[in-house]
Every structure is written in structure tokens, then in C-alpha cells.
Amino acid sequence: MKIMVAIKRVIDYAVKIRVKPDKSGVETSNVKMSMNPFCEIALEEALRIKESGGASEVVAVSMGPAQCVDTLRTGLAMGADRAIHVDYPGSLYPLSIAKILKALVEAEKPSLLLLGKQAIDDDCNQTGQMVAGLLKWPQGTFASKVVLDEEKQVATVDREVDGGLETVCLELPAVIT
């Protein structure tokens, strides 16, 4: 089984954010960047699944400017087998990212697509749901525990909901955030 993990490069969570003087956005020049913490959790889960024998390959994917390669290197250092960088110098929004991920999934054919639940820079929490809709794959959002049954081709996901935990069973291939 192949697992694809989308990882995003964001301003490091420990950095105090400054607004640009013209109020057009956040200052990113000379600011420490790192992997989105929720994406890091998704990558760690993929690596746990691989270490337990549930996956043969983990592919990290990031899109954006050339500096995203540094984030992918971090993913490779954590244990990802391969990395794919989609070079795009401009701004990317959740639907654009979902469409790019759909194309990558169609080319790579993973059984599982993992994403962080949201990015700490825009807090959108939309990409996972959008890519699942575009692929017509089942989705498990806000996952706190993932158990794969390769024989039955099912992922059991405990997900955090307002009232506590909910367990859903997803037929593979699936999207989990």
C-alpha cells in the first residue's frame, strides 16, 4: 500500500507574526518557516503505519515556491520514501491545492491520502474535504486514531466531534485529515 501525505510550508508556530507596513498581509521575508504542525502529525501517522507493516511507501507532497523543498527535505529526514514538489511561485488556495492533489493521486495511485486537519497560516480546514469530493473518495476528518485492515481494505478512524469521539469505517482508497 502506498500512502501520500500533503505537507505545507508555513511560518514557524513559534515566530511572532508581523503585519506588513501596507497592511496587505503577513511579513514573510527573513522569517523562519517550517512544516505545518498538523501536516507533521499526518506524516508521523503515515510513518507509523509503514513501520507497523501497513504500507510499503510514504510519499510526501508539497506545492508552492522553491523553498518548499526544505520542508520536503524535513519530511524525507523524518522517514518519507519519496518527495514530490509542485513548483508554483504564486498564491495557492484550498480548491487549487485540491485539484493539484487530485492529479497527483491519479498519477501516483496511493491507497490513502493523509493531510493535516488545517494549516496554521490560513486556518481554512477545506483542502482535505475538497480533494475527497473531487476524487469521490470517502473521508475521515479530525482523525485522532487510524487503524488499517489491509485484508478488508478498510480504514477505521476515530474522529473528534463536538460530543466526543465518533468511529467511522472507510473503504480504501480514502482521504484522512
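**Strands and pockets**

Colleague: How do you know that strand 1 and strand 6 pair?
Modeller: The model is predicted, and in this model three bridges join strand 1 (residues 2-6) to strand 6 (residues 112-114), which run parallel. Pairing needs at least two bridges, so these strands count as paired. I3 stands opposite L112 in strand 6.

Colleague: What makes strand 5 and strand 7 edge strands?
Modeller: The open sheet has six strands in the order 5-4-1-6-11-7, with parallel pairing. Strand 5 (82-87) and strand 7 (139-140) each pair on one side only.

Colleague: Which strands does helix 2 touch?
Modeller: Helix 2 (residues 68-78) packs on the sheet and touches strand 4 (57-64) and strand 5. The direction of helix 2 makes about 165° with that of strand 5.

Colleague: What lines the largest pocket?
Modeller: The largest pocket holds about 1,200 Å³ of space. Its lining has 50 residues, with K8, R9, L92, D121 and D122 the closest to the centre. Strand 4 supplies the largest share, four residues. By class, the lining has 25 nonpolar, 18 polar and seven charged residues.

Colleague: Which element gives the most to the lining of the second largest pocket?
Modeller: Helix 1 does, with five residues.

Terms used. Residues numbered from 1 in each chain as written. Predicted model: local features only at pLDDT ≥ 70, side-chain atom pairs only at ≥ 80, totals over all residues. Heavy atoms only, no water. Helix = DSSP H or I, 4+ residues; strand = E, 2+ residues; numbered from the N terminus. Contact = heavy atoms within 4.5 Å. Axes fitted to C-alpha atoms, helices over the stretch in contact; angles between N-to-C directions. 1 Å grid on protein atoms, 1.4 Å probe; cavity = no way out; pocket = protein on both sides within 12 Å on 5 of 7 lines; lining within 4 Å. Points joined across faces, edges and corners; volume = space filled by probe spheres on them. Nonpolar A, V, L, I, M, F, W, Y, C, P; charged D, E, K, R; others polar.
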